[in-house]
Structures are given as C-alpha cells and as structure tokens.
Amino acid sequence: MKKMSLRTRVLTGAVAAAALSAATFGAMSANASAPAAAPAAAVEADAADRNLQQSTHLTVAAATKAAQATLDAAKKENQRVSVAVVDRNGNTLVTLRGDGAGPQSPESAVKKAYTAVSWNAPTSELAGRLEQAPNLKDIPGTLFLAGGAPVQVKGAPVAGIGVAGAPNGDLDEKFAAAGVGALAK
C-alpha cells in the first residue's frame with residue numbers, strides 16, 4: 001500500500017472531522033425539534049412501601065453552627081485550623097478555613113470528616129485499626145489521623161466533622177468534639 005503524504009493525511013482528517021461534526025449537529029437539531037415526550041407517570045408509594053428507606057440528614061444551618069463552634073474552640077486556644085462537615089453520604093456541607101490555617105488543612109479536614117462518618121467512629125480510634133488492617137489507608141477519600149468525629153442520632157451516623165491544622169491530632173479531635181457538642185444545644 002502506498003504511503004499518503006502529510007498533506008493528504010491532513011486533508012483526509014479534516015474531511016472526516018467535518019462529516020462527523022455535520023452528523024452530530026444534524027442529530028442534535030433533530031432532537032431539539034422533536035416534541036417533548038409526556039412525563040412518565042408518577043410512581044406512588046406510601047411510607048409502608050418496603051422499597052423505600054428514610055434517613056436523617058444534617059441541615060446546612062446545623063452544619064454551619066457546628067463548624068463555627070469548632071473554629072471558635074480552636075481560636076480560644078490560638079490554633080489555626082480548618083473544619084469540614086460532611087453529611088451521612090460523605091458529601092461536604094460546609095468547609096471553613098480559619099485565619100492562618102495551612103493550605104493543606106481544608107482537604108485534610110474533609111477527608112477526616114468523611115472517614116469519621118464512614119466508620120461511625122472518631123478517627124483517632126480508626127488510626128489504631130491500621131495495625132491490623134494497613135490497607136484501610138488505601139481507601140480513596142479517607143485519612144486515618146486523629147481529628148474526625150461522627151455526629152450520631154440514636155447511635156447512627158448522620159454527619160462527620162473533621163478538623164486539621166493544629167500541631168497534633170488530639171487537639172484537632174478536641175475541636176471536632178466541640179462542634180459535635182454544639183449540635184446538642
């Protein structure tokens with residue numbers, strides 16, 4: 001087979017790209033002009049439906065209250081920290097970076113909060129489990145360092161608070177506990 005020149009290859013590629021673009025534009029235009037389909041019928045289910053599950057979630061207002069209480073506790077001890085509050089599913093609700101907190105601290109706080117809510121335990125306890133199961137640290141999004149505390153309702157986790165930036169994890173966890181405590185008030 002004869003090798004094509006650079007010019008021939010460039011022209012062939014340009015023609016192929018133009019044809020693909022035209023086909024895509026035509027398909028999008030056809031979809032845009034098609035009448036909207038009727039909405040699917042709503043599926044009705046009552047609270048007794050065994051296919052549904054209810055869960056408790058922390059509000060943004062409560063998460064903000066806890067985060068601010070955490071920063072206030074750290075400020076009383078002249079510590080520069082960041083705090084993160086995540087919901088039961090590990091989604092970040094609030095992140096506050098305290099004045100002077102290190103650039104790594106917001107991300108670390110989120111990971112500690114995620115870890116605490118995922119295992120429904122303070123991260124200082126979880127860090128001890130690494131001796132028996134060192135692969136835990138490889139789970140994406142987790143950080144097994146002291147500074148994370150779960151928020152519980154009737155023993156079940158509904159959120160996690162993570163703190164990072166103090167000189168040691170014990171202080172981080174103390175401040176996270178202050179945030180948890182603020183929710184009980």
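Modeller: Go ahead. I call a residue buried under 20% relative accessible area, exposed over 50% and partly exposed in between, with a 1.4 Å probe and protein chains only. This is a predicted model, so local features need pLDDT of at least 70 and side-chain atom pairs 80 or more, while totals for chains, interfaces and linings use all residues. Residues are numbered from 1 along each chain as its sequence is written, and side-chain values use heavy atoms, with hydrogens and water left out.

Colleague: Which residues of H2 are buried?

Modeller: Ala62, Ala63, Ala66, Ala67, Thr70, Leu71, Ala73 and Ala74. Helices (H or I, at least four residues) and strands (E, at least two) are DSSP runs, numbered from the N terminus.

Colleague: And what covers them?

Modeller: The cover includes strands E1 (82–87), E2 (92–97) and E4 (156–164), plus helix H5 (169–183). Contact means heavy atoms within 4.5 Å. H2 lies across E1, E2 and E4 and runs at about 25° to E2. Such angles run from 0 to 180 degrees between N-to-C directions, with axes fitted to C-alpha atoms, for helices over the stretch in contact.

Colleague: How many residues does H2 have, and how far does it reach?

Modeller: H2 covers residues 60–76, which is 17 residues, and reaches 24 Å from first C-alpha to last, close to the 24 Å expected. The expected span is 1.5 Å times one less than the number of residues. After H2 comes Asn78, with a positive phi near 55°.

Colleague: Switching to the sheet. What is the strand order?

Modeller: E2-E1-E4-E3, an open sheet of 4 strands with antiparallel pairing. Two strands pair if DSSP finds at least two bridges between them. E2 and E3 stand at the edges with a single partner strand each, so one side of each has no neighbour in the sheet. On average, neighbouring strands are turned by 15° against each other, direction ignored.

Colleague: How many bridges join E1 to E4?

Modeller: 6. In E4, Val163 is the bridge partner of Val83.

Colleague: OK, salt bridges. How many does the structure hold?

Modeller: There are 4, counting a side-chain nitrogen of Lys or Arg within 4 Å of a carboxyl oxygen of Asp or Glu. One of them joins Asp172 and Lys112 at 3.1 Å, N to O. Asp172 lies in helix H5 and Lys112 in helix H3, so the pair ties together parts 60 residues apart in sequence.

Colleague: Are Asp172 and Lys112 buried or exposed?

Modeller: Both are buried, and Lys112 has a relative accessible area of 4%. Leaving aside residues up to four places away in sequence, Lys112 touches residues including Thr123, Leu143, Leu145, Gly162 and Val163.

Colleague: What about Glu107, which residue does its side chain meet?

Modeller: Lys111, in a salt bridge of 3.3 Å, N to O. Glu107 and Lys111 are 4 residues apart in helix H3 (residues 105–119), about one helical turn. Glu107 is exposed at 53% relative accessibility, and Lys111 is partly exposed at 29%. Lys137 and Asp138 also form a salt bridge, at 3.8 Å, and Asp138 is exposed at 52%.

Colleague: Back to H5. Which strands does it lie across?

Modeller: E3 and E4, at about 140° to E4. The buried residues of H5 are Leu171, Asp172, Glu173, Phe175, Ala176, Gly179 and Ala182. Their cover includes H2, H3, helix H4 (123–128), strand E3 (148–153) and E4.
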